[in-house]
Amino acid sequence: MAASVSCHYFSSPLTTSTKSIKPKLNYSHFAPSLSKGSIRHFVPLCSSQCSLPSESECQDKEKDWFLSLKKCAAAVALSVSLISGLPGSQWLGPAHASTPALPDVSVLISGPPIKDPGALLRYALPIDNKAIREVQKPLEDITDSLKIAGVKALDSVERNTRQASRALKEGKTLIVSGVAKSKTDHAIELLNKLEAGLGELQQIVEDRNRDAVAPKQKELLNYVGGVEEDMVDGFPYEVPEEYQNMPLLKGRATVDMKVKVKDNPNLEECVFRIVLDGYNAPVTAGNFIDLVERHFYDGMDIQRADGFVVQTGDPEGPAEGFIDPSTEKTRTIPLEIMVVGEKAPFYGETLEDLGLYKAQTRLPFNAFGTMAMAREVRYLYF
């Protein structure tokens, strides 16, 4: 079985500029048009409010080699998910360390890891508004409440709903005050829908309709995420000067990667929806978008898919990555890590190099479908 890859933009129109442009986070859906230039800075005009379907399984055993992950993994984007084609099942399991390299490694994660890609993206936004987070958390907690068997879960969901409703009522003024002025009307519209939706969720609980809870939760969290994105006003930091001549994504963008599967009578193609987070990895995400725009991945085989990782990025011929026509050399990107509590990413050093053994990253590999990119070649790891 083999697969070929092609990428195209789905919902995030982009512009290019060598100047600082503030992203406009609206909800239009059309393909981008990028001008050519040696310096390409991508600023999304719409955000990643896409639905995130269940994780699924794609397997491929055509090639049995790949670049060691020790050289490469730079978190670039959260929530790669299949939006068509495959039966729902987990296709990437969590990793488990056998022996910690350092005594402190065992306490790197202080609480249960967040495995929902939508939640990771919401929590990774560069905002500091306690009031909206107090609305968000009980709604996110509904996922855990639904793990309780039967209708007993609804008692816990009801507590979550009441807590979110109370937080919205008490904190609405503070929430609105944290929204960018140009987006206030849109945020208020979403908050009104959220308030009405919480009432509908309360009625669902009273009707003991367990099956209707998860879809309503997803709807309400989309409203919350939209309000949180309306709080982002411009790009929050300066990328180091040595990387400003590289393609940059200053915001978020969505890419659909269509994968055609050969020799499988049950599946002809599937689509990976990739949400790129330039707030936390502008260099890595910008590099990926630039390669997509250049059609670097079009028609390329999946080089590995073995249940641990799905890998592509090795072009035909002797080249081991993308040859930048402006330099005639293989393009490389720096290691880029955004740590919780920091205002800008670290570049070129691991957390161990920095002595931050207990630090948690904004884009952890907790969610099924996390994507990473090799720094020395253009492999993608899903």
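Q: What span should the twelve residues of helix H6 have, and how far apart are its end C-alpha atoms?
A: In this predicted model, helix H6 covers residues 282–293. At 1.5 Å a residue, with the expected span taken as 1.5 Å times one less than the number of residues, the twelve residues of H6 should span 16 Å, and this agrees with the separation of its end C-alpha atoms, which is 16 Å.

Q: How many of the twelve residues of H6 are buried?
A: Buried means under 20% relative accessible area, and the residues of H6 that are buried include Pro282, Gly286, Phe288, Asp290 and Glu293. Helix H6 is largely enclosed by the rest of the structure, because the number of its twelve residues that are buried is twelve.

Q: Which residue just after H6 takes a positive phi?
A: The backbone just after H6 has a phi of about 60°, and the residue that takes this positive value is His295.

Q: Are H3 and H4 roughly parallel or roughly antiparallel to each other?
A: Helix H3 (residues 153–177) packs with helix H4 (residues 184–206) at an angle of about 155°, their axes being 10 Å apart. Angles over 145 degrees count as roughly antiparallel, and therefore H3 and H4 are, to each other, roughly antiparallel.

Q: How do the residues of the contact of H3 with H4 divide into nonpolar, polar and charged?
A: The contact is made by residues including Leu154, Val157, Glu158 and Leu168 of H3 and Ile188, Leu191, Asn192 and Glu195 of H4. The residues of this contact divide into four charged, five polar and, finally, nonpolar residues numbering twelve.

Key: Residues are numbered from 1 along each chain as its sequence is written. This is a predicted model: local features need pLDDT of at least 70, side-chain atom pairs count only at pLDDT 80 or more; totals for chains, interfaces and linings use all residues. Side-chain values use heavy atoms; hydrogens and water are left out. Axes are lines fitted to C-alpha atoms, for helices over the stretch in contact, and angles run from 0 to 180 degrees between N-to-C directions. Helices (H or I, at least four residues) and strands (E, at least two) are DSSP runs, numbered from the N terminus. Angles under 35 degrees count as roughly parallel, over 145 as roughly antiparallel, 65 to 115 as roughly perpendicular and the rest as oblique. Contact means heavy atoms within 4.5 Å. Ala, Val, Leu, Ile, Met, Phe, Trp, Tyr, Cys and Pro count as nonpolar, Asp, Glu, Lys and Arg as charged, and the others, Gly among them, as polar. Buried means under 20% relative accessible area, exposed over 50%, partly exposed in between (1.4 Å probe, protein chains only).
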